[in-house]
Amino acid sequence: FSPEGKSDKAIRLAALIGSIEIRDRLATSKIDKFLYQYASEARPRQSHSNMVTLKVVLNKPVLETGDTEIRLHLAVMPVRLNVDQDALMFLHDFFAQVTSTAPAICLSESSTRSGAFSPSLQPV
């Protein structure tokens, strides 16, 4: 922010995640880590580096239109994904169950001045 208070930014947010691991705990699976940060001799893990960096900047509304701009920057270090057949079948069944019980979200044109689309809940 500028010291004079003339910045166009209303909110700045940064989220840093050092490390994320998703472990495969299926009894039939022989893989321990499902998702983790990739490292090798050619590409070693950098010390004190963040696996995920998320930066969000919300600009102040424009007085004439009232429009607000949000800028999102997401950086992810290389990841390795180990998927065996049992894990893939579990994910398929899990997401099939979740999507069958979730309400449908339809995109409809909103009545805003910009004519942008906004999600609305509507029965299917």
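Helices (DSSP runs of H or I, at least four residues) and strands (DSSP runs of E, at least two residues) are numbered from the N terminus. The model is a predicted one: local features need pLDDT of at least 70, and side-chain atom pairs count only at pLDDT 80 or more, while totals for chains, interfaces and linings use all residues. Residues are numbered from 1 along each chain as its sequence is written, and side-chain values use heavy atoms, with hydrogens and water left out.

The chain contains 1 helix and 8 strands. Along the sequence, these elements follow the pattern β-β-β-β-β-β-α-β-β. Of the 124 residues in the chain, 13% are buried; here buried means under 20% relative accessible area, exposed means over 50%, and partly exposed lies in between (1.4 Å probe, protein chains only). The chain exposes about 10,200 Å², and carbon and sulfur atoms supply 59% of this area. Accessible areas come from the Shrake-Rupley method with a 1.4 Å probe, and for residues only the protein chains shown count as cover.

One part of the fold is an open sheet of 3 strands in the order S2-S3-S6, with antiparallel pairing. Its edge strands are S2 (22-23) and S6 (79-81), each of which pairs on one side only. Two strands count as paired if DSSP finds at least two bridges between them. Strand S3 (residues 33-37) and S6 are joined in the antiparallel sense over 3 bridges, and Gln37 stands opposite Val79 in S6. In general, strands of a sheet pair through backbone hydrogen bonds, either parallel or antiparallel.

Val83 counts as partly exposed because its relative accessibility is 40%. Leaving aside residues up to four places away in sequence, Val83 touches Ile31, Phe34 and Leu88; a contact means heavy atoms within 4.5 Å. Val83 and Phe34 are 49 residues apart in sequence, yet 6.5 Å apart in space, C-alpha to C-alpha. Across the chain, residues 24 or more positions apart account for 52% of the contacts with a separation of 6 or more.

Helix H1 (residues 85-101) includes Phe95. Phe95 counts as partly exposed because its relative accessibility is 47%. Together with Phe90, Phe94 and Val98, Phe95 makes a nonpolar surface patch of about 380 Å².

Notes
Patch = residues over 30% accessible without salt bridge, like charges linked within 9 Å, V, L, I, M, F, W, Y side chains within 5 Å. Salt bridge = Lys/Arg side-chain N within 4 Å of Asp/Glu carboxyl O.
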